[in-house]
Amino acid sequence: MVEVTIENLNIMYGDFHAVKDVNLKIKDSEIVTLLGPSGCGKTSILRSLAGFVEPSSGHILVDDEDITHQPPQERDMGMIFQNYALWPHMSIMSNVIYGLKIRKNALRVMKIF
Amino acid sequence: MTEQKLTTETVVTRAKPTFLKRIWFTFKSDRLSWSIIIFITAFFGYFLIAPLASILVTAVYVKGEFAFDTIGAIFSNPLFFNPSGGEESYFIRLDHRQDVDVYMIRGANLGIFLNTLLIGVFTTFLSLVIGVTTALIMARIEIRGKTILGGLLLIPLVLPPFVSGVGFMALFGDKGLINEHFLAPVFGIKIILEGIVAIIFVQVMHYFTLIYLNVYSSLMNNDPSLEESAENLGASKLRVLRTVTLPLAMPGIASGSILVFILAMEDLGTPIIFAGFGDVVAKQTITYYIAKHIFAGSETSDLAQESIILGSFLLIFAIVGFFAIRKFVSLKQYSMVSKGRAGEYRTIKPGIMLQIGLAIYFFVLLVTALVPHIGVIIASMAEPQVFPLDLSFENYRYLFDADKGFGLFVKNTLIYSLISTAVIMVLATLAGYVANRKKFKGQTAFDTLVTIPIAIPGIVLGIGYIRMFGDSGSLTIGGTVFREWTLNPIIFPGLILVISYTIRKFPFTVRAVYAGLQQTDVVMEEAAVNMGASRIRIIAEVVIPLIGLNIIGGALVSLVYNMSEVSTTLVLISSSKYGTLTWKMSEASGKVGELAAIGVFLMVLQAISLLTTNLLLKNRADAITGI
């Protein structure tokens, strides 16, 4: 059971108000798509969910835990980047198991392969 | 009968043109490009490859037979090779002078060969540490006044030869401002850096900028998502740095450090200036030895075999480094792989402790890096020993006083540099265009030929010219153009000097041209071809207008380095009639004031040129410093 709640989210880039008072509740196993013209704030909302943008106000909750100010590497939140973000200096295998190695799951997964 | 014969011949030719004809057809298909390729290859072959090859050959092949005895003699002579160190080799020594304790920090003195290697290794290592640290901080941490800081970090680049040594002595020397007026009266001690420690110190404060610029630009040019993706997968800051950030910046780190390694070992200005102040160890470096022992004796015009061998070692280190780094960088060229970039880099907001730490770091770094500049300005206007300073502009009067002879040196410097820069502008534009836009066999070799001079120690090229065109030269073909215009540097150094400037500073303009062409879509040239424009027309009407700023920017950099060229200048010029400013500076190494005034003059010229270049090229610093 995981529920994501966004409360009164505001994101400012300098003077530019990119995201204005957004409220959103994503229920467990629900699939949500954000649609909109470019520059309307889709990426900003996603990046604040993953922790790459610090909201200027508002809260992001996973279940009842407030993760608004948690650093990205401590969040349990998967993200696929717009431009894939594959590391050119690593092999395909190293790219795939990078996250698993950090979670110390690599060996178990390697056995499956 | 005749008709039939003709037909047969035509058929045969069509089926299989002769080798020469095929070459002729290839040439005719693009006369201009091929003429450029042939001319540049011949020019570089004759004035770069041949002299260097003749030095390498002479190192082992003397008077018709292979001889290794001088190499053996070098490695058994403690002057050249003394791995155990001698009496003069100490890291630190304490002297008592009256009531002052003097700490002499010398490092080591392991003979000419190892001293030079130590200088290369330690200067590179320390420049690497400082350069990479500074680049990481500037690229990833939020600091107030970053623009100003970035500007200040460029100042060490504006540093004419000799100046660093003079500035260093004026502040840190035995009689310098800090020892004489701060450490001795307040603490009763003096700290004197000397020997290779002093040389390394001065070099690091100059060369770390090259690594900083290279690494900074690769840190800023990689896709930010590459780091974010790792963070998203749970990697800590340190792990991201270790597994993603630094590996991606490796090409920049590697090419910056190899450039520093080569420059540190071939640096002649710093040893000369310290030797002029009486430092014994500074005289025991490869470049200083070669500069002072060009000929086998005062009566002969034969080159000293020891100098040829030491020069060959220097050359081999440089060339191996150059090719190793080319291979490495081409294997690890990632920047083109990722698809555009998303967003900006997030910077870390430093906490109060980190802020204090950074403030101290930059304060110490900038104060030490700007030491030569401050020192040389003080030294040009006052005796640094006398405090408070008694300022006067007496030294500057020499600079523009025709009677004192400085006018001649300013004039010579400008004539040589400007002619060479003009030639570079034309040839490098053509060479850069062909190397970039024309596909032909040997393209890589051609590109290497026009960029390798950046790695060639000037002093070795200098003795190569004497070997080839000097009195006992073996290759004096075309030696005399007119009676006065000879290539023999002993009779008239001007012509060969301009050629050496042209060859050695060629890469800076070629690089700038490459940078321009990479930003320009080839479609614009194809459109012109499509409408029937010839190659020359395309260059004149499309290419030059599009990349004109790059050409001018690159040429300015070439000009700056021409004006402050030391090593070939000192080797080739033997009469003051033909002397340049740098030549005069090496002659006047005892007279600090005059030297400092010339230094400040060159510094101002360099600053103006580099500022203009930066404005023109908009921070394409890698065009200036890249290999």
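1. Domains of chain B. In this predicted model, the domain assignment divides chain B into domain 1 (31-67 + 395-627) and domain 2 (81-334 + 344-392), the bounds being taken from an automatic or database domain assignment. The centres of these two domains of chain B, taken over C-alpha atoms, are separated by 25 Å. Residues are numbered from 1 along each chain as its sequence is written, while chains are lettered from A and ligands numbered from 1 in the order in which they are written. As the model is predicted, local features need pLDDT of at least 70 and side-chain atom pairs count only at pLDDT 80 or more, whereas totals for chains, interfaces and linings use all residues.

2. The boundary between the domains of chain B. Here 48 residues of domain 1 of chain B are in contact with 45 residues of domain 2 of chain B, two residues being in contact if their C-beta atoms, placed from the backbone, lie within 7 Å. On the side of domain 1 of chain B that touches domain 2 of chain B, the elements that each supply at least two residues include helix H3 (31-60), helix H20 (458-469) and helix H26 (592-617) of chain B. H26(B) gives the largest share of that side, 12 residues.

3. Overall content of chain B. The secondary structure of chain B comprises 27 helices and 5 strands; helices (H or I, at least four residues) and strands (E, at least two) are DSSP runs, numbered from the N terminus. Of the 627 residues in chain B, 47% are buried. A residue is buried if 20 or more other C-beta atoms lie within 10 Å of its own, exposed if 12 or fewer, and partly exposed in between, with C-beta atoms placed from the backbone. Among contacts in chain B between residues at least 6 apart in sequence, 77% join residues at least 24 apart.

4. The nonpolar cores. A nonpolar core is a set of buried Ala, Val, Leu, Ile, Met, Phe, Trp, Tyr and Cys residues joined through C-beta atoms within 7 Å. The largest one holds 176 residues, and those touching the most other members include Val166(B), Val215(B) and Val460(B). Helix H9 (residues 195-221) of chain B gives the most to this core, with 18 residues. Leaving aside neighbours within four places in sequence, Val460(B) is in contact with Leu52(B), Ile55(B), Gly311(B), Leu314(B) and Leu315(B). A second, separate core of 9 residues includes Ile6(A), Leu9(A), Ile11(A) and Ile45(A).

5. Helix H12 of chain B. Helix H12 (residues 269-276) of chain B is mostly covered, with 8 of its 8 residues buried. The cover over its buried residues includes helix H7 (163-172), H9, helix H13 (286-292) and H25 of chain B. Gly278(B), with a positive phi near 95°, follows H12(B).

6. The sheet in chain B. Three strands form an open sheet in the order E3-E4-E5 (chain B), with mixed pairing; two strands pair if DSSP finds at least two bridges between them. Strand E3 (92-97) and strand E5 (189-193) of chain B are the edge strands, each pairing on one side only. The twist averages 20° from one strand to the next. E3(B) runs antiparallel to strand E4 (residues 100-105) of chain B, and 6 bridges join them. Leu94(B) stands opposite Tyr103(B) in E4(B).

7. Chain A and its contact with chain B. Chain A is assigned domain 1 (1-74) and domain 2 (80-113), whose C-alpha centres lie 26 Å apart. The contact between the chains takes 23 residues from chain B and 16 residues from chain A. H10(B) supplies the largest share of the side of chain B that touches chain A, 7 residues. That side of chain B divides into 10 nonpolar, 7 polar and 6 charged residues.

8. Backbone points to check in chain A. Asn8(A), in strand E1 (residues 4-13) of chain A, has a positive phi of about 45° although it is not a glycine. Asn8(A) counts as exposed, with 12 C-beta neighbours inside 10 Å. Asp21(A), in strand E2 (residues 16-26) of chain A, is not a glycine either, yet has a positive phi of about 40°. Asp21(A) is exposed, with 11 other C-beta atoms within 10 Å.

Note on methods
Ala, Val, Leu, Ile, Met, Phe, Trp, Tyr, Cys and Pro count as nonpolar, Asp, Glu, Lys and Arg as charged, and the others, Gly among them, as polar. Axes are lines fitted to C-alpha atoms, for helices over the stretch in contact, and angles run from 0 to 180 degrees between N-to-C directions.
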